[in-house]
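User: I want to learn how to read strands and helices in a model like this one. Can we go through it feature by feature?

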Amino acid sequence: MFHVTHISTAKTWRGGEQQIYYLMNHLNSKINQSIFCPYNAVLLNKIEIPINKITFNKRGSINILVARKLKKYTVENKVDLVHIHDSHAHNIYFLACILFGLKIPAIITRRIEKPITNIVSKYKYNHQNIQKIICVSDAVKETISPFITDKEKLKTIHSGIDIDKYNKTAKDYILHKTFNIPTSSILIGTIGALTNQKDHFTFIDVAEKILLKKEAYFIIIGSGKLEKEIKETINNKKLQSRIFLAGFRNDIPTIIKDLDIFLFTSIFEGLGTVLLDAMASGIPIVSTDVSGIPEIIENDKNGLLSKPKDTTNLASQVLELIENDERRNLFIKNGLLKINQFSAENMAQQNFETYLDIIQ
């Protein structure tokens, strides 16, 4: 079996790290793997399969000593391919190449829909050692394509989820019990880090409009730097008895079942894998139509899409789903059919086939 070393520099646990976890687990029986990541990364503790874990102390985005460590490890352990999972990981690999002569080929997974405008970044992405750039959506691929000299290096592999983990879970009303929400009430929620990207302020404004016409409760699941500001906004609008902050949770497959409608107000996404979680859980979705989201949600077929920050239309769409059982059930049914395209197993297999194309 050939040997792939994954590089991830994220210390926290978000969608990208979940994808690495799925990828490594599904490829465990097919290849030898190792992970190169910070000693205090959450991913490090999540990994249960028996692999080599090479750690370092992350200090900034550029670290020459870590680059040298990567070169030494990959050569001594006869690594065949390096899989880069974020921009700082790309820096480490790039430095290992230009400073220490690393020749081992690499692929990059690109998860964000942003142009590559920096001159150094353009050079890094077009470096001769980079064999493939895996994009998590066609939207990401189209965005970076103008900056990649060899378009053949670009390949879309959609992110995936463990579908069984979601569709086999029962509704336990955990959130209702935690926040004293009547089980007969409508609960509308979202999941995501409390950052500008997720635009929870639009979520709050939409909730405010809905509450003028319908009794409901709202919940925001996730943590992040904007928590204080979001909490203040809820309080200033006097909505603290209707909108709750649940913080970071490790039991998403269980608590997502408590939601009656999933409302996603993000202003940009690589793909938006949390929508896959909602679909697999049988939760009807109202979402913004940004980035790779339309590759998951087909408007008026398995969900409803709206322009970002359009609070009036988003509120109208949620109210429509509340009132229309038939459409809500149709979206759930079609979502459960479409979700099979986005399995973690399928994602891992496509990555494996990409590895084979490079190594063989």
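User: Which residue in β13 does Val286 stand opposite?

Analyst: Val286 faces Leu304 in β13. This is a predicted model.

User: What is the strand order in the open sheet?

Analyst: Strands count as paired if DSSP finds at least two bridges between them. Here the open sheet has 6 strands, ordered β10-β9-β8-β11-β12-β13, and the pairing is parallel. At the edges sit β10 and β13 (304-306), each pairing on one side only. From one strand to the next, the twist averages 20°.

User: Which strands does α9 touch?

Analyst: α9 packs on the sheet and touches β8 (187-191), β9, β10 and β11 (261-264). The direction of α9 makes about 170° with that of β9.

User: Now α10. Which residues are buried there?

Analyst: Buried means under 20% relative accessible area; exposed means over 50%. In α10 (residues 227-236), Ile230, Thr233 and Ile234 are buried.

User: Why are those residues on the same side of α10?

Analyst: Because they cover an arc of only 100° around the axis. On the other side of α10, Lys228 and Asn236 are exposed.

User: What do the buried residues of α10 pack against?

Analyst: Their partners are α9 (200-211), β9 (217-221) and β10 (243-247).

User: Which residue with a positive phi follows α10?

Analyst: Lys238 follows α10, with phi near 55°.

Methods:
Residues numbered from 1 in each chain as written. Predicted model: local features only at pLDDT ≥ 70, side-chain atom pairs only at ≥ 80, totals over all residues. Heavy atoms only, no water. Buried < 20%, exposed > 50% of the residue type's maximum accessible area, 1.4 Å probe, protein only. Helix = DSSP H or I, 4+ residues; strand = E, 2+ residues; numbered from the N terminus. Arc of directions from axis to C-beta. Contact = heavy atoms within 4.5 Å. Axes fitted to C-alpha atoms, helices over the stretch in contact; angles between N-to-C directions.
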